[in-house]
Amino acid sequence: MREVNLGDGGTVPALPLPACGERVGVRGRLRALKLAEPAPDARSLHGCVIALASLLFVTPALADTIYVSNEQDNTISVIDSASLSVTATIEVGRRPRGIMLSPDRRLVYVAVGDDDRIDIVDRAARKVVGSLPSGEDPEAFAVHPDGRRLFVSNENENRVSVVDIAAGKIVIEIRVGSEPEGVAVSPDGNLVVNTSESSSMVHVIDAASYRMLASVLVDARPRSAQFTSDGKSIWVSSELRGTVSVIDVAARKITGKVAFAVPGIARENIQAVGLVLTRDGTRAFVALGPANRVAEIDTRTLKVTRYYLVGQRVWQLALSSDEKRLYTANGNSGDVSVIDLEAREVVKSIRVGRSPWGLAVAP
């Protein structure tokens, strides 16, 4: 390794620095230290000390709070992302499942299926401060980007309820297929999609007129639905077939499909349920239920690039705000797995309540 002359007879190693905005881990920096040429502008001890600090310390992940709905305990576990430990437990209604933040991030909404309502949790007070009607047996829902409406799937009624949050009432119920499940709103707020499990359909709904625009046949028992950040595609998981379908929003037809195969796991145990996509649209992550795996997908090639072994019967997923971590709710093992997406490995399991189902992450 070459040295940098300090001008006073002393020398120190020239430490290579990453380019602005470049993400480089400790190992990568050490490799760079061995291979790189000296930085020509390192002229002072102060500059070298800063370089050394850059080498030895990694910028910590953004501090998040993770909220986990525990279906059998009627609670929400609150996890601090810095310590990766449960810091509070909030009592809610019976059988909490779907969970989301309000657009201003002050509130947490949670669907409590056995009470036929949406509970409202104040994040600062860490308690339920109200509730909204939902229709019968709510499971999943979506918050409109304007923060004024919820779109709630009601399994027992074959309807999507539209809830006016300020008025605290259902303003309309949209008839859909049998056993409605996943709900998502397009980034621009113009469209709502709902999956109907028994009908194997994805319904596309106008968010203003509440008119059904299209129904797309997908693989058996569709669960989650997610728009890509550009709003051009919808990703839909199929529990019984163990696949993900990619739907072109403009054409309203399937343009791609992803299948999964885990060595040593029977095909019927590979059940695609929860899914999330990164903001840049390059990667997708799919929970595979009783396979106890999460699949990472390259969205450009629609190829699985890695499987992560997590807890038992993984249901739903959530990315950290900086997208460096993925959290999984594992229903049968009663825990949350933490996946470090830069190291590409599971780094911790956090015990929560019984039958964790949904997750929401707040910066």
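**Exercise 1. Determine the mean pLDDT of the chain and find the stretch where pLDDT is below 50.**

Solution. The model is predicted, so local features are described only at pLDDT of at least 70 and side-chain atom pairs only at pLDDT 80 or more, while totals for chains, interfaces and linings use all residues. Residues are numbered from 1 along each chain as its sequence is written, and side-chain values use heavy atoms, with hydrogens and water left out.

Step 1: pLDDT is the predictor's confidence in each residue, from 0 to 100. Its mean over the chain is 87, and 83% of the residues reach 70 or more.
Step 2: The pLDDT is below 50 over residues 1-60. Beyond near neighbours in sequence, this stretch has 48 contacts in the model (contact: heavy atoms within 4.5 Å).
Step 3: Where pLDDT is low, the predicted coordinates should not be read in detail.

**Exercise 2. State how many helices and strands the chain has, and what share of its residues is buried.**

Solution. Step 1: The chain has 2 helices and 30 strands. These are DSSP runs numbered from the N terminus, helices being H or I with at least four residues and strands E with at least two.
Step 1: Of the 363 residues, 53% are buried (under 20% relative accessible area; exposed is over 50%, partly exposed in between; 1.4 Å probe, protein chains only).
Step 2: Among contacts with a separation of 6 or more, 41% join residues 24 or more positions apart.

**Exercise 3. Describe the two hairpins formed by strand 14 with strand 15 and by strand 18 with strand 19.**

Solution. Step 1: In strand 14 (residues 180-185), 6 of 6 residues are buried. Strand 14 runs antiparallel to strand 15 (residues 191-196), with 4 bridges (pairing requires at least two DSSP bridges). Val 185 is opposite Val 192.
Step 1: This hairpin has 5 residues between the strands, and Gly 189 has a positive phi near 80°.
Step 2: In strand 18 (residues 222-227), 5 of 6 residues are buried. Strand 18 is antiparallel to strand 19 (residues 233-238), again through 4 bridges, and Phe 227 faces Ile 234.
Step 3: Here too 5 residues lie between the strands, and Gly 231 in the turn has a positive phi of about 75°.

**Exercise 4. Identify the residues that touch the most other members of the largest nonpolar core.**

Solution. Step 1: A nonpolar core is a set of buried Ala, Val, Leu, Ile, Met, Phe, Trp, Tyr and Cys residues joined through side-chain atoms within 4.5 Å.
Step 1: The largest has 16 residues, and Trp 235, Phe 260, Val 286, Leu 288 and Ile 297 touch the most other members. Strands 20 (243-248), 22 (275-277), 23 (283-287) and 24 (293-298) each give two or more residues to this core.
Step 2: Leaving out residues up to four places away in sequence, Ile 297 touches residues including Trp 235, Val 258, Phe 260, Val 286 and Leu 302.
Step 3: A second, separate core of 15 residues includes Val 273, Val 276, Val 314 and Ile 339.
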